[in-house]
Amino acid sequence: MNSCIARQPIFNKDKTVFGYELLYREKGIDGYTEIDGDKATLNVMKDSFLSVGMETLTGNKKAFVNFTERLITEEIASLFSNEHMVVELLETIEPSEEVVAACKNLKKAGYPIVLDDFVLRDDYEPLILLADIIKLDFLNTPIKENKEIIKKYGDMGIKFLAEKIETIEDFNLAVDLGCTYFQGYFFAKPEVLPSRTILPYKLSYLRLINAMYEEDPDFDEIAEIIEHDVSFSYEVLKLVNSAAFYKRNTIHSIKQAIVFMGIEGIKKWVYLAVSKKVTGNKKPNEIINYSMIRLKFMEQMAERLGENKRKSEYITVGMLSLMDALMGMEMTAILDAIRLSEDIKNTLLGNNPKNKMSIAYQLILKYERGDIDQLSHLCSLLQLEIDEVSQMYYHALDWLNGILDSNN
């Protein structure tokens with residue numbers, strides 16, 4: 001079918017994930033706008049939700065799904081549990097008697113109703129009375145108009161979702177206006193420091209990452225860095241003595257633990273540990289989750305493309321791809337402080353247009369945004385089908401969900 005379902009996180013005010021909008025894209029069809037698009041969307045919803053599972057796609061969080069007039073009037077949403085499904089009405093839907101009646105039935109059955117790209121229209125009143133959430137476009141709609149909408153309907157128990165939030169400034173403005181939920185790529189863009197100077201504590205984290213990616217990692221050096229951080233030391237020893245790494249003889253030293261975990265295992269732990277240290281409570285954990293998805297996706301791509309000898313490089317690209325957002329620095333400044341191969345650096349900076357690893361990295365970026373045209377082009381360069389890429393993405397999601405569940 002050459003289709004994909006990407007997902008975009010929807011955050012609460014505290015920047016934790018409330019749910020995901022599932023973005024369906026099929027080559028040659030622009031979302032849900034055509035009759036054929038309705039049929040294709042329905043098929044993909046059934047196949048993806050029933051075979052892949054809602055818990056994999058959204059990690060058991062809310063799933064915001066766009067519906068056309070036809071899919072609303074046929075009450076297709078009722079095929080899925082109201083525990084996760086959120087019915088999002090596209091702005092092209094007219095508030096006909098049939099649509100309003102279907103929405104009343106869905107509302108009565110416990111399905112939340114969301115109005116997408118909302119604009120002030122008197123004839124929309126019947127749907128507004130049923131709405132749980134109104135989505136406001138913060139990129140294309142004047143702030144004055146968004147303020148008016150919030151003021152007019154804020155006392156009706158309706159919550160507001162600010163979409164197309166691209167910067168932290170947009171996020172703060174939306175909070176001030178009274179929005180409850182937030183959607184966009186602000187979480188993946190760094191709040192850049194006023195200078196390129198790396199703060200001392202961040203330098204120590206970079207030093208740890210740097211030591212991990214030497215051609216021949218020095219276990220003594222890695223152990224020395226970890227030993228100088230009490231929480232790092234505790235985490236490593238706790239991890240290797242857990243059931244996941246059970247060994248008859250208890251491990252006591254950091255160096256012994258590192259050797260036992262193996263270089264790839266310790267690399268993944270280092271990334272998670274450093275990410276937690278760097279972000280604190282200032283950034284949404286979704287940044288780390290996206291990085292882990294990219295890590296696993298790139299690992300699969302290395303295997304699929306016959307680049308097994310370079311698997312570690314592919315993993316490194318995915319792992320470090322959002323380090324700028326985590327550290328609040330430009331990627332160039334971060335890469336200047338880490339001894340990585342020029343190939344990895346150029347891939348992260350987008351300077352390897354014809355390199356397999358770079359194409360694979362661009363592919364996951366386009367998949368996340370649901371850019372089907374660019375995705376099709378990149379797949380053709382690697383001789384892959386989009387459906388195959390989707391399966392890799394779903395597998396990476398499933399892998400991440402397993403990690404998150406084990407840490408709860």
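## The nonpolar cores

The largest nonpolar core has 128 residues, and I72 and V87 touch the most other members. Such a core is a set of buried Ala, Val, Leu, Ile, Met, Phe, Trp, Tyr and Cys residues joined through side-chain atoms within 4.5 Å. "Buried" means under 20% relative accessible area, "exposed" means over 50%, and "partly exposed" is in between (1.4 Å probe, protein chains only). Helix α12 (residues 286–304) gives the most to this core, with 10 residues.

Another core, of seven residues, lies apart from the largest one; among its members are F64, V114, L161 and Y181. In soluble globular proteins, nonpolar side chains tend to be buried together.

## How to read this model

Keep in mind that this is a predicted model: local features need pLDDT of at least 70, side-chain atom pairs count only at pLDDT 80 or more, and totals for chains, interfaces and linings use all residues. Residues are numbered from 1 along each chain as its sequence is written, and side-chain values use heavy atoms, with hydrogens and water left out.

## The whole chain

The protein chain has 19 helices and eight strands. These are DSSP runs, numbered from the N terminus: helices are H or I with at least four residues, strands are E with at least two. Of the chain's 408 residues, 52% are buried. Among contacts with a separation of 6 or more, 63% are between residues 24 or more positions apart.

What about the outside? The accessible surface is about 18700 Å², and 49% of that belongs to carbon and sulfur atoms. Accessible areas come from the Shrake-Rupley method with a 1.4 Å probe; for residues, only the protein chains shown count as cover.

Take helix α5 (residues 143–153), where N146, I149, I150 and Y153 are buried. Looking down the axis of α5, you'd see its buried residues fall within an arc of 95 degrees, so they line one face of the helix. (The arc is that of the directions from the helix axis to the C-beta atoms.) On the other side of α5, K144 and K151 are exposed. The buried residues of α5 pack against α4 (125–128), β6 (133–137), β7 (159–163) and α6 (168–177).

Helix α13 (residues 311–320) is mostly covered, with seven of its 10 residues buried. Those in α13 are Y314, I315, T316, V317, G318, M319 and L320.

## Rings and charges

The whole structure holds nine aromatic pairs. Rings of Phe, Tyr and Trp (its six-membered ring) pair if their centres lie within 6.5 Å; planes under 30 degrees apart count as stacked, over 60 as edge-to-face and the rest as tilted. F118 and Y124 make an edge-to-face pair, 6.4 Å centre to centre with 65 degrees between the planes. F118 is buried at 2% relative accessible area, and Y124 is buried too, at 6%.

Y367 and Y393 form a tilted pair, 4.5 Å centre to centre with 40 degrees between the planes. Y367 lies in helix α17 (residues 356–369) and Y393 in helix α19 (residues 386–406), so the pair ties together parts that are 26 residues apart in sequence. Elsewhere, R369 lies over the face of Y185, at 3.7 Å from the ring centre. A charge sits over a ring if NZ of Lys or CZ of Arg is within 6 Å of the ring centre and within 35 degrees of the ring normal.

Note on methods
Contact means heavy atoms within 4.5 Å.
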